[in-house]
2 protein chains.
Amino acid sequence: MATGRTHRPATRSRGIPEATVARLPLYLRALTALSERSVPTVSSEELAAAAGVNSAKLRKDFSYLGSYGTRGVGYDVEYLVYQISRELGLTQDWPVVIVGIGNLGAALANYGGFASRGFRVAALIDADPAMAGKPVAGIPVQHTDELEAIIRDNGVSIGVIATPAGAAQQVCDRLVAAGVTSILNFAPTVLNVPEGVDVRKVDLSIELQILAFHEQRKAGEEAAAEGPLPAAGAARKRSADQGPDGDVPAVMPA
Amino acid sequence: MATGRTHRPATRSRGIPEATVARLPLYLRALTALSERSVPTVSSEELAAAAGVNSAKLRKDFSYLGSYGTRGVGYDVEYLVYQISRELGLTQDWPVVIVGIGNLGAALANYGGFASRGFRVAALIDADPAMAGKPVAGIPVQHTDELEAIIRDNGVSIGVIATPAGAAQQVCDRLVAAGVTSILNFAPTVLNVPEGVDVRKVDLSIELQILAFHEQRKAGEEAAAEGPLPAAGAARKRSADQGPDGDVPAVMPA
DNA sequence: ACTTGTGAAGCTGTTCACAGCG
DNA sequence: CGCTGTGAACAGCTTCACAAGT
């Protein structure tokens with residue numbers, strides 16, 4: 001669905017569904033683990049279990065990429081790793097800047113998952129002059145004044161915002177003005193960006209609130225005695241709750 | 001972002017769609033901001049803009065909660081704040097434990113968004129004996145040995161895992177065995193949990209990979225073919241052609 | 001006149017079940 | 001045989017557009 005271009009008319013483009021794109025990294029991780037164990041091939045059933053999805057979904061997802069499997073056998077691990085990496089754009093180098101080097105920013109800078117997948121932390125930026133020059137994860141922090149120059153000099157197109165909420169929009173505007181077209185936002189605020197810029201958000205408190213909602217329901221079902229809410233009735237026994245699952249889109253509009 | 005629950009007909013929690021539940025925290029945040037500015041009422045159009053969604057969706061979402069608006073007028077801010085808070089279960093106190101006090105764990109412990117929404121950090125737990133007793137965000141870190149006792153003594157039902165991937169499943173098992181039924185997982189691994197336990201995951205590298213996918217798509221505008229990529233090499237593209245909007249991912253028109 | 005609340009339509013994503021092929 | 005790949009049915013979510021209220 002992300003193939004833009006079409007606005008209202010049916011998007012009959014050759015695009016990969018957004019839900020599928022969101023799962024590719026999951027498959028890739030599972031495949032990488034298999035690769036490290038030198039497993040040559042894997043069936044949709046096995047791989048699906050490792051990724052925490054069901055096999056029909058996985059096969060459908062892969063069918064959007066092409067016919068990379070062998071009937072009666074399964075998928076070639078190495079080949080799939082390459083195909084998915086290519087599809088995700090991980091065969092190239094993505095310089096990334098992290099703005100806001102507090103606890104979270106530092107955690108991100110130290111996070112190994114970035115470097116291992118083609119993402120290179122090109123610079124750490126913070127508004128606090130006292131931070132300037134101080135190394136975090138082996139990279140010296142630079143002052144916000146340098147932001148535009150850093151973006152341009154390194155050809156950065158992906159920015160990570162880990163600042164307090166109050167500074168996020170301003171930082172976002174500067175990143176976009178300097179040429180960044182994809183932003184990962186950790187600040188608990190809605191960012192306004194021009195069309196053509198992608199924003200994904202990660203909001204810690206929202207995740208907890210969603211858990212609280214479900215937690216509250218569990219409590220209510222058990223002790224259905226003192227419920228102020230009318231409802232529930234005989235709650236059907238719920239099925240499993242296993243691995244992770246697809247997700248709700250997080251790309252926001254301008 | 002991510003969702004726990006899986007392989008299930010996506011039971012609509014007490015009639016409220018999961019997608020709606022995921023947006024309630026967003027509305028709540030926008031409403032809280034309005035409340036602090038003493039704004040008495042707000043229209044679906046205004047609130048939707050503040051939350052970054054469209055108004056039809058917002059009205060539909062609220063319709064699942066009940067008829068809390070007034071036609072021709074809008075919604076009463078305070079009343080809505082209360083209703084949504086209640087629906088999300090935020091009118092009660094949720095003791096939370098954070099396991100794994102590295103950079104990320106520390107960032108979470110310091111994150112203000114927790115305390116302000118009914119979440120109380122009951123304890124910080126780490127496997128490193130050297131960390132024991134050391135205060136982080138004003139709370140002394142306790143050793144993993146104490147995990148079970150802490151969970152039981154504090155009636156904790158929500159746990160946050162911020163350990164390395166290798167330790168996550170083990171920590172998860174112990175949390176669940178001790179009574180935790182909701183888990184927010186930051187470790188890049190798929191957790192297996194018994195039925196009835198909710199898991200939501202936040203995976204930093206997955207978010208970046210999704211952005212990379214869209215970023216790559218932006219770059220190859222016309223060349224839609226599956227051209228062979230020059231494998232290695234310091235591929236650096238991104239020539240800021242900020243002009244003709246080729247239009248990209250975009251999810252919805254403003 | 002203004003804005004909510006909601007059937008209905010349209011779209012996206014998931015699951016089923018089996019044809020197709022090694 | 002076993003396993004992939006996929007049309008078709010199904011389910012859930014979003015958007016539309018207007019009736020219903022104030």
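Student: Leaving aside its neighbours within four places in sequence, which residues is Ser85(B) in contact with?
Tutor: Keep in mind throughout that this is a predicted model. Apart from residues within four places in sequence, Ser85(B) contacts Leu28(B), Leu90(B) and Thr91(B). Ser85(B) itself sits in helix α4 of chain B, residues 77-88.

Student: Is Ser85(B) buried or exposed?
Tutor: The label follows from the relative accessible area, and buried means under 20%. Ser85(B) has a value of 13%, so it is buried.

Student: How many residues does the largest nonpolar core have, and which have the most contacts inside it?
Tutor: A core of this kind is traced through buried nonpolar residues whose side chains touch. The largest one here has 113 residues, and Ile84(A) and Ile84(B) have the most contacts inside it. Helix α1 of chain B, residues 18-36, gives the largest share of this core, with nine residues.

Student: Which residues does Ile84(A) touch, not counting those up to four places away in sequence?
Tutor: With those set aside, Ile84(A) touches Leu24(A), Tyr27(A), Leu28(A), Leu31(A), Phe62(A) and Leu65(A). Two of these names return in another feature: ring pairs join Tyr27(A) and Phe62(A) with Tyr75(A) in a cluster.

Student: How many aromatic pairs are found over all chains?
Tutor: A search of the whole structure gives eight. One of them is formed by Tyr68(B) and Tyr79(B), with 5.4 Å centre to centre and 80° between the planes, an edge-to-face arrangement. This pair links distant parts of the chain, as Tyr68(B) is in the loop between α3 and β2 of chain B and Tyr79(B) is in helix α4 of chain B, eleven residues apart. Tyr79(B) is partly exposed, at a relative accessible area of 38%.

Student: Why is the pair of Tyr111(B) and Phe114(B) edge-to-face?
Tutor: The angle between the ring planes decides, and over 60 degrees counts as edge-to-face. The planes of Tyr111(B) and Phe114(B) lie at 85°, with the centres 5.2 Å apart, so the pair is edge-to-face. Both Tyr111(B) and Phe114(B) are buried.

Student: Now the DNA. Which residues come nearest to DNA strand C?
Tutor: Of the 24 residues around DNA strand C, the nearest are Arg23(A), Asn54(A), Ser44(B), Arg71(B) and Tyr75(B). By class, this surface has five nonpolar, ten polar and nine charged residues.

Student: What share of the atoms of DNA strand C within 4 Å of the protein belongs to sugar or phosphate?
Tutor: That share is 66%, and the rest belong to bases. Individual polar contacts show both kinds. On the base side, a side-chain N or O atom of Arg71(B) is 2.9 Å from a base oxygen of DNA strand C, and one in Lys60(B) is 3.3 Å from a base nitrogen. On the backbone side, a polar backbone atom of Tyr68(B) is 3.4 Å from a phosphate oxygen of DNA strand C.

Student: How many residues surround DNA strand D, and which are the closest?
Tutor: There are 28, and the closest are Ser44(A), Tyr75(A), Arg23(B), Asn54(B) and Arg71(B). For DNA strand D, 62% of the atoms within 4 Å of the protein belong to sugar or phosphate. A polar side-chain atom of Arg23(B) is 2.8 Å from a phosphate oxygen of DNA strand D, while one of Lys60(A) is 3.2 Å from a base nitrogen.

Methods: Residues are numbered from 1 along each chain as its sequence is written. Chains are lettered from A and ligands numbered from 1 in the order in which they are written. This is a predicted model: local features need pLDDT of at least 70, side-chain atom pairs count only at pLDDT 80 or more; totals for chains, interfaces and linings use all residues. Side-chain values use heavy atoms; hydrogens and water are left out. A residue is near a molecule or strand if one of its heavy atoms lies within 4 Å of it. A polar contact is a pair of N or O atoms within 3.5 Å; within protein, one must be able to donate a hydrogen and the other to accept it, and residues adjacent in sequence count only if both atoms are side-chain atoms. Ala, Val, Leu, Ile, Met, Phe, Trp, Tyr, Cys and Pro count as nonpolar, Asp, Glu, Lys and Arg as charged, and the others, Gly among them, as polar. Helices (H or I, at least four residues) and strands (E, at least two) are DSSP runs, numbered from the N terminus. Buried means under 20% relative accessible area, exposed over 50%, partly exposed in between (1.4 Å probe, protein chains only). Contact means heavy atoms within 4.5 Å. A nonpolar core is a set of buried Ala, Val, Leu, Ile, Met, Phe, Trp, Tyr and Cys residues joined through side-chain atoms within 4.5 Å. Rings of Phe, Tyr and Trp (its six-membered ring) pair if their centres lie within 6.5 Å; planes under 30 degrees apart count as stacked, over 60 as edge-to-face and the rest as tilted.
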